[in-house]
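This report describes selected local features of one protein model. Please consult the sequence and the structure shown here while reading.

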Amino acid sequence: MNILIVPSWYPSKNNSSSGSFFREQAIALAKYGHSVIVLNATFAPRSDYFSPENFRYIKRKDGPIIEYSYVVPTFGFGRISRFAYIIFKKNMFMLFDRIKKDNYIDIVHAHSYFPAGLASCSIGLRESIPVVITEHSTGIRNMKMGSIELKNLNKVVEMGDRFICVSENLKSEVIKVTNTRKEIDVIPNMVSSLFFDYMRTDRCKLQKESDDFVFMSIGSLIQRKRFDTLIDAFAMAFKDNKQVVLNIVGDGPLKKELGKKICYYGLKSQIHLLGQVSRNMVAKNISTSNCFVLVSEYETFGVVYIEAMACGKPVIAVKNGGAEGIVKDSNGILVEENNADQLSAAMIYMYKNAERYDSTLISKYCYDKYSEASVCNQLSLLYTSAIDDFKDKHHIGMLKI
């Protein structure tokens with residue numbers, strides 16, 4: 001099958017983690033036997049504003065996939081603005097016209113309803129190609145949508161040949177805000193084989209630099225990730241226990257503020273802000289930890305939870321909409337939102353009992369539900385169904401975008 005992937009954001013030279021799961025899923029689909037092309041009309045993050053690759057048409061091979069790219073900065077307009085959408089759509093059509101000279105496309109799979117989903121529906125109408133959209137948005141999950149955003153979401157849900165949500169909770173929210181009667185599929189995010197590799201090979205036996213008990217956390221340093229609550233809870237539990245460490249991977253606007261909080265507690269030797277690291281380093285850091293913890297206020301899914309589980313690590317999470325579908329008694333602990341006391345107690349319990357969790361069973365649970373093989377099989381069946389239904393249609397609704 002010839003699949004065109006259209007992401008709303010995508011990894012770049014200086015931001016390899018942004019949209020990394022889109023790229024990893026595309027590569028997995030190619031490994032699964034499909035011909036996969038990525039149309040990258042995304043916007044350069046601030047760290048790449050002056051990249052020599054901006055404003056350049058680039059065609060390159062990325063392992064088993066081919067990427068057609070034309071990336072530009074947003075110049076402060078923001079990825080979700082109407083102006084940014086016009087630019088995205090224009091560049092998307094330019095790239096598509098180049099792609100179709102070289103390839104036949106059976107189906108388009110866009111990630112996120114805006115801008116890629118909405119723009120891809122235009123391609124579907126013009127080229128008579130079925131379009132699948134996967135939604136990941138925490139904005140929908142948190143019911144923070146303006147009238148224009150809601151209008152765009154409604155269009156994409158109704159115009160797409162299939163609409164996928166990454167969790168049951170997100171599906172419920174989409175139905176609630178759109179009142180759609182259309183069937184919505186649920187296919188979870190995929191965990192890269194990179195993380196299972198660390199569990200299955202000797203790399204999972206990498207020696208720690210010390211005998212410390214290590215909590216690992218990963219995420220953007222923004223308010224909703226609640227790293228402030230995590231630091232408070234850690235201080236309550238382990239301020240007088242120098243053998244316990246908390247490593248935090250990620251960057252963001254709250255880095256200085258969180259650094260000050262760490263200094264206030266006198267925990268600079270125990271809590272480390274590691275900044276952005278490569279995907280390989282993420283896997284290595286998780287593998288040499290004892291427990292993963294992330295206490296976001298809300299998540300549509302939570303890819304980092306399953307990445308940790310793929311490495312066989314137990315998880316501490318909050319009941320945030322995404323974690324409830326992933327974290328069970330056998331693989332971790334769920335606590336209430338923004339409750340430092342409860343979180344502190346969970347961390348103490350994990351410190352004392354982490355070895356009771358079976359790392360092999362945790363990894364197997366993750367593989368059965370979230371591995372490349374599992375997710376690619378579900379997507380392949382959905383693609384085939386969407387193509388067959390598309391061919392059977394005698395009328396395609398024409399809505400102006």
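## Terms and basis

A residue is called buried when its relative accessible area is under 20%, exposed when that area is over 50%, and partly exposed in between (1.4 Å probe, protein chains only). By this criterion Cys-366 is buried, with a relative accessible area of 0%.

The model is predicted: local features need pLDDT of at least 70, side-chain atom pairs count only at pLDDT 80 or more, and totals for chains, interfaces and linings use all residues. Residues are numbered from 1 along each chain as its sequence is written, and side-chain values use heavy atoms, with hydrogens and water left out.

## Cysteines

A disulfide is taken as a pair of cysteine sulfur atoms within 2.5 Å, and a search of the whole structure finds 0 of them. For Cys-366, the closest cysteine sulfur belongs to Cys-311 at 8.8 Å, which is too far for a bond. Cys-311 is buried, its relative accessible area being 4%.

## Packing of α11 and α13

Helices (H or I, at least four residues) and strands (E, at least two) are DSSP runs, numbered from the N terminus. Helix α11 (residues 303–310) packs with helix α13 (residues 359–370) at an angle of about 130 degrees, and their axes are 7 Å apart. Axes are lines fitted to C-alpha atoms, for helices over the stretch in contact, and angles run from 0 to 180 degrees between N-to-C directions. Angles under 35 degrees count as roughly parallel, over 145 as roughly antiparallel, 65 to 115 as roughly perpendicular and the rest as oblique; α11 and α13 are therefore oblique to each other.

The contact (heavy atoms within 4.5 Å) involves Ile-306, Met-309 and Ala-310 of α11, together with Ile-362, Ser-363, Tyr-365, Cys-366 and Tyr-370 of α13. By class, the contact of α11 with α13 comprises 7 nonpolar, 1 polar and no charged residues. Ala, Val, Leu, Ile, Met, Phe, Trp, Tyr, Cys and Pro count as nonpolar, Asp, Glu, Lys and Arg as charged, and the others, Gly among them, as polar.

## Helix α6

In helix α6 (residues 168–178), the buried residues are Leu-170, Glu-173, Val-174, Val-177 and Thr-178. Viewed down the axis of α6, these residues fall within an arc of 115 degrees, so they line one face of the helix; the arc is that of the directions from the helix axis to the C-beta atoms. Exposed Glu-168 and Lys-176 are carried on the face of α6 turned away from its buried side. Just after α6, Asn-179 adopts a positive phi of about 55 degrees.

## Ser-35

Ser-35 lies in strand β2 (residues 35–40) and, at 36% relative accessibility, counts as partly exposed. Not counting residues up to four places away in sequence, Ser-35 touches Met-1, Asn-2 and Ile-3.
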